[in-house]
Amino acid sequence: MDQPMDHRPTAAHDHRRLGRELGLFGTDPLIGAGLPYWLPDGAVVRHTLEEYVREAERAAGYRHVYSPVLAKVELYETSGHWAHYRDDMYPPMESGAEQLVLRPSLCPHHALIYRSRSRSYRELPLRIAELGGMFRSEPSGVLGGLTRVRAIHLNDAHVFCTLDQAVDEARAALALIARAYDDLGIRAARYRLSLPGEGGKYVAGPELWRRATGLLREVLAGSGTAYEEAEGEAAFYGPKIDVQIADGAGRESTLSTVQIDFHQPERFGLSYVGADGARHRPVMVHRSVIGSVERAVAHLIERHGGAFPAWLAPVQLVVLPVSEAQAERAGDVVRQALAAGLRAEFAGQERGSLGARIRAARLVPYQAVIGEREAQDGLAAVRLRDGRRPGAVPVAELLRRISDRVAARGTGLWAGA
């Protein structure tokens, strides 16, 4: 039976160090603190993760949109961000008679997309998703690697639904998160119901808070999820379910969230025409499956020590000829793998001895060694990243097996071995 490796995060797996060593991302003072750039291998991981999320969302009935990263101050005055979140926002930029702000959140934009035309109850639930950029004015002292950045790419979505649909939609969002964690090899440290605390950072409306909190408790109870309650951790406009993860040092952070929001539909005057012909206020369910791409990749680096699940790995297969005599055949295998949609790489003698090349490719899920016998018989001697050696198999079978594991996602490498 296929047994996935358990890459437990340790201090040695600090994503900042591994990110540099593996050529995934970097920073430069001329760009600025908290503004990392992505190198080719890191961009592959990020792109693959983004496409995975989009595919999962499409299958769950979400429709994708794009919205601008700038908006007028008036938008955030309407949403409540300007009054309750201004300290975390960048200052306005003058553009003629207008003041524009880099957005700290996508939800006001999605509220306007919903409001762009009249809606009927027959359209609900309406699920709108976007992987969009947003910006937070983080103090320089808290910035670090990919976990705390100033330019964030958030996997965000908002479901506009009736009150009767809200619990089911929020519960489905939790299930989507759980499936993604299984595929990514992520473990939730705990689930937290984040509630308001004392102070003026929260919007008024005790009844709306009470209703939203009651519905989220119903969501958690119905999904059988154990959770803890934490005061002072809510969003300024409502309570939320936070899925907490932990790094190798045991430090917790929030990766995924589910929220039920009565506040913003009211602030934006959102409505739909019900079966009775009257106008009704929708409920807004906020949810993020993997949170920000930056934080998700940081956690994946630490969780797996750079040995990403095969479907997510920057290079999935490395082909190693034993000698120059097998180089042409090894090159053919690489071309076949690329044609099959796999990310494959040739590692010839210019990279050193066979042993050195095998060690250099230790984080690649699959290694195919091509010796004299393999070249003659159309075989590849397979080495798996976890140390197993399934032996020599026909090249076509190897590529099929890898393609099947990639398509299945998850963390396993080799079924039936």
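In the predicted model, helix H10 (residues 327–339) lies across strands S16 (317–321), S17 and S18, and runs at about 165° to S17. Helix H13 (residues 395–408) also packs on this sheet, where it touches S16, S18, S19 and S20. The direction of H13 makes about 95° with that of S20. The sheet itself is open and consists of five strands in the order S17-S16-S18-S19-S20, with mixed pairing. Its edges are formed by strand S17 (344–346) and strand S20 (391–394), each of which pairs on one side only. On average, and with direction ignored, neighbouring strands of the sheet are turned by 30° against each other.

Both kinds of pairing can be followed in individual strands. S16 and S17 run parallel and are joined by three bridges; valine 319 has phenylalanine 346 as its bridge partner in S17. Strand S18 (residues 366–370) and strand S19 (residues 379–384) run antiparallel and are joined by four bridges. Here the bridge partner of tyrosine 366 in S19 is leucine 384.

S16 is mostly covered, with five of its five residues buried. Leu317, Val319 and Pro321 point one way from the strand, Val318 and Leu320 point the other way, and all are buried. In a regular strand, side chains alternate between the two faces of the sheet. Leucine 317 has contacts beyond its neighbours within four places in sequence: Ala337, Arg343, Ala344, Glu345, Val364, Tyr366, Gln367, Ala368, Leu398, Leu399 and Ile402.

Leu317 also belongs to the largest nonpolar core, which has 78 residues. Together with Ile241, Ile260 and Leu398, Leu317 is among the residues that touch the most other members of this core. Helix H6 (residues 163–184) gives the most to the core, with ten residues. A second, separate core has 26 residues, including Val65, Met89, Ala234 and Leu270. In soluble globular proteins, nonpolar side chains tend to be buried together.

H6 has 22 residues and reaches 32 Å from its first C-alpha to its last, close to the 32 Å expected at 1.5 Å a residue. Its buried residues are Ala166, Val167, Glu169, Ala170, Ala173, Leu174, Leu176, Ile177, Ala180, Tyr181, Asp183 and Leu184. An α-helix has 3.6 residues a turn, so residues three or four places apart point the same way. Just after H6, glycine 185 takes a positive phi of about 75°.

Another open sheet is built from eight strands in the order S3-S7-S8-S15-S12-S11-S9-S10, and its pairing is likewise mixed. Strand S3 (63–64) and strand S10 (228–231) stand at the edges; each has a single partner strand, so one side of each is left without a neighbour in the sheet. S7 and strand S8 (residues 151–161) run antiparallel and are joined by ten bridges. Methionine 134 stands opposite isoleucine 152 in S8.

The peptide bond from leucine 124 to proline 125 is cis, with omega near 0°. Proline 125 is found in the loop between helix H5 (107–115) and strand S7 (126–135). Arginine 409, in the segment after H13, has a positive phi of about 55° although it is not a glycine. Most residues other than glycine have a negative phi, and most peptide bonds are trans.

Arginine 295 is found in helix H9 (residues 293–304). Residues up to four places away in sequence aside, arginine 295 touches Leu146, Thr147, Arg148, Ser253, Thr254 and Leu255. Arginine 295 and serine 253 are 42 residues apart in sequence, and their C-alpha atoms are 9.2 Å apart in space.

A search of the whole structure found zero disulfides. For cysteine 107, which is in no disulfide, the nearest cysteine sulfur is that of cysteine 161, 15 Å away. Cysteine 161 is likewise in no disulfide, and the nearest cysteine sulfur to it is that of cysteine 107. Cysteine 107 counts as buried because its relative accessibility is 2%, under the 20% cut-off. Cysteine 161, at 0% relative accessibility, also counts as buried.

Note on methods:
Residues numbered from 1 in each chain as written. Predicted model: local features only at pLDDT ≥ 70, side-chain atom pairs only at ≥ 80, totals over all residues. Heavy atoms only, no water. Core = buried A, V, L, I, M, F, W, Y, C linked by side-chain atoms within 4.5 Å. Buried < 20%, exposed > 50% of the residue type's maximum accessible area, 1.4 Å probe, protein only. Helix = DSSP H or I, 4+ residues; strand = E, 2+ residues; numbered from the N terminus. Contact = heavy atoms within 4.5 Å. Pairing = 2+ DSSP bridges. Axes fitted to C-alpha atoms, helices over the stretch in contact; angles between N-to-C directions. Expected span 1.5 Å × (residues − 1). Disulfide = S-S within 2.5 Å.
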